[in-house]
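The sequence and structure come first.

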Amino acid sequence: MGSHRTARAVIAAAVVTAITAAVVLIMGFAWSSGGDRAQVSYNAVDMRAQMLDNGDLRITQTFDYRLESRGTPWRQMFQQYTLSSDRLTTISDISVTDLTTGRTYTQDTVHSPSGYGDAGWDSECAGRWYIADITQSESHPDPFDPELDALTATAVGEPAQTKDVEIGWNIPSTRSAKSMRFELAMTWHGVATAYDDVVALEWEPFSALNSTPAARVTGTFAFPKGISESNSWAWLHTGAASETTRLDDGSLQFTVTDLPGGEYINVVVMAERQPTSAVSREQAGRMKQRILEQERQEARIASNARQREARGRLVIWLIPAVLALLLVVVALIGAKRACAQGRRHTEALEYWREPPDMSPAAAAALITDVMPGIQGSRDDRQMTSTLLSLVTKGAVAIYPGSAAGYRGLDLSRADCVSIGQLIASDPRREADAAGMCTLVIMPRVYTDRAGLQLCRSESALLDVLLRASERIGLPVFDFGQMQAALKDWRQGYAWLRGFEDACNAEYQALHATVPVGVGARMLGGAAMIASWLTAFIYTAAVGQVALALVISLPLLFAATFAAQVSPRQAFTAQGEAYADQVGGLMRYMEDFSEFGDRGVFDTVLWGRYMVYAAAFGISDKLMEQMERAYPQLADPEWANVHASNDGLVYWSARRRAMRARGGAFSMHGMHAGGSFSSMVSNSFSSVGSTIRDAMPQSSSSGSRSGSRSSGGGGSFRSGGFKGHSGGSGGGRGGAR
């Protein structure tokens, strides 16, 4: 019994978990690629900046654009930068290459995309780039010459002049694109400042004004020859998830994932000043310790803020998970106790040879608890077995065939032998007997009902039959007539409820079981609800599909298992004795033909066997065993002599005889199936970052896997931090 229940619980838990997993993944996919996707975004950005001896930067940027469909086509990509006399004086040596097609763009003046049709734009403007001054207006830019319009360098801290410039390039009219890759190369002038002890600069490829999000940004900042990790420092400022690596030559490599619009990337670098330094902007004073202290302080502030945020996030994640876990643990403990209560404490009898000490209806209910998985519903088995019991007690009789076939015969006085001979003599009657049964209410029901010694369920079912007889108007009717008569019987449910109540009362009177596992099932249900809530919170509220997969789903599986595996009833000491009887009798009837000490055929005993076989749902198996044990039943003459006093046994024997000679009739009605991978990967990555960030500083002193700590107190070990912004360039890009 326990193994069947456990198997069903595992299957139910697996099905519920699988359905929930599918819902979580669908929700996660909808969340990750929802309707708030920016119209223009970067699939990836790769940047390489080489610091030159004179303090300039040679920058190469590769942009992989994603363009969503809109009302008008896309025609122009652009990057905007802020020139400042104290940190970036001009931009020159510009080139634009379409990496998708291999086309190198040529310089031209600014063209407005709104002034052309698709054909005119593609033929006259596409494939060209421009640089323009947008200080006064983006919609009406002024020409910009990198040499003539360059700013005059000023010292850091002095009043600075600024200009906003835009580098743009015209693409063929494009409705949408999943990927368009372009390379923008240029030289930034006057970026570095030479102090007495160090050369320092800040490079800001993305400013807080940038509105174009990027799924992934990678970059490399390289120092001039002669600079190594030991005499240089580098920091990455950003609030997005990031990683940094310092190489032996001092180069800073960084990766930023899921950069949203409005988030900046600012690279701060410093190197010891070399005697051969050719940096044009010089400023007296020593800056090394000031910069180091400023970066350490900003790193501490960012680390503390990140820890507070991460710990708060972990609390939000853990509270529902811990609640669900507690409910699951308590539910599993309760289920274990319920299973222990529901386990049989005595060794079951292998065989029981007598009818059990209970009504057929009670036996049909008890066998369900003794042997789960029994064939047929309990209600059907109770009604069938009770009806057959009325036959064996002489309250009713059942004959093969429809009532119309017996018109003119007094079935209350008929005997089985004469009816059997009548059926066998007429092929039409034989065919009729194969599809219908006729029920006869015997006269004794009206004259001596008390003498029938009916139990409560038998009496209640007899009342239903009597009401059917009254509606039909005859004490003889077939099941087809009965069905038609009861079809519109408005009070019929009350009489049927009376039979069901009688069956339940008889079963309860046995005091065979007590309820168990109520608490376990309630806690299991509560744990399932809590697990579903955590899955919803992780997926929809915080966008962490990974948490739902690794936390919520296992908890849901365990909660469902606990709710399903708990038995609803446990046997009492008296109930175990009754269980031995019904279980032993069922096994005895299924194996009867194997016994050599069967004795003389007893029609009375076999009639009761057939009643309880119907209660157990094994009527066909019992008939097979009976036919194997008593082959003489196939002889009609033998059945006429030895089995005619019990209708159930007789008609069973006749059925075998008819089948043996090619005919058949049976007592029908008497016995009674972005992509998922990237979504999950990104989710796991951010979960891991949060957990690491929540650790105290002393617990995460080592560098992250795949990176090295920078020499001389360089890059923040676990990646970038939310330091100051405002470095040279202040880049912001997009498309129009």
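Y65 is buried, and F182 is buried as well. The two belong to a predicted model, in which the chain holds 19 helices and 23 strands.

**Aromatic pairs**

- The model contains 19 aromatic pairs.
- In the pair of Y65 and F182, the ring centres lie 6.3 Å apart and the planes meet at 70°, so the arrangement is edge-to-face, a class that needs an angle over 60 degrees.
- This pair links distant parts of the chain, since Y65 sits in strand β2 (residues 57–67) and F182 in strand β10 (residues 177–189), 117 residues apart.
- Y65 and F182 are also members of a cluster linked by ring pairs, together with Y42, F63, Y105, W169 and F206.

**The eight-stranded sheet**

- β2 and β10 both occur in an open sheet of eight strands, ordered β5-β4-β10-β2-β1-β13-β16-β15, and the pairing in this sheet is mixed.
- The edges are formed by β5 (103–104) and β15 (241–246); each has a single partner strand, so one side of each has no neighbour in the sheet.
- Opposite R48 stands T220 of β13.

**Strand β14**

- All six residues of β14 (residues 232–237) are buried, which leaves the strand mostly covered.
- S232, A234 and L236 point to one side of β14, while W233, W235 and H237 point to the other, and the residues of both sets are buried.
- β14 runs antiparallel to strand β17 (residues 265–272), and six bridges join the two.
- W235 has V268 in β17 as its bridge partner.

**Burial and surface of the chain**

- The chain has 736 residues, and 49% of them count as buried.

- Empty space is located by rolling a probe the size of a water molecule over the atoms.
- The second largest cavity holds about 50 Å³ of space.
- Its lining consists of Y507, Q508, H511, A512 and T513.
- Sorted by class, the lining of the second largest cavity comprises two nonpolar and three polar residues, with no charged ones.

Methods:
Residues numbered from 1 in each chain as written. Predicted model: local features only at pLDDT ≥ 70, side-chain atom pairs only at ≥ 80, totals over all residues. Heavy atoms only, no water. 1 Å grid on protein atoms, 1.4 Å probe; cavity = no way out; pocket = protein on both sides within 12 Å on 5 of 7 lines; lining within 4 Å. Points joined across faces, edges and corners; volume = space filled by probe spheres on them. Nonpolar A, V, L, I, M, F, W, Y, C, P; charged D, E, K, R; others polar. Pairing = 2+ DSSP bridges. Helix = DSSP H or I, 4+ residues; strand = E, 2+ residues; numbered from the N terminus. Buried < 20%, exposed > 50% of the residue type's maximum accessible area, 1.4 Å probe, protein only. Phe/Tyr/Trp six-rings, centres within 6.5 Å; stacked < 30°, edge-to-face > 60°.
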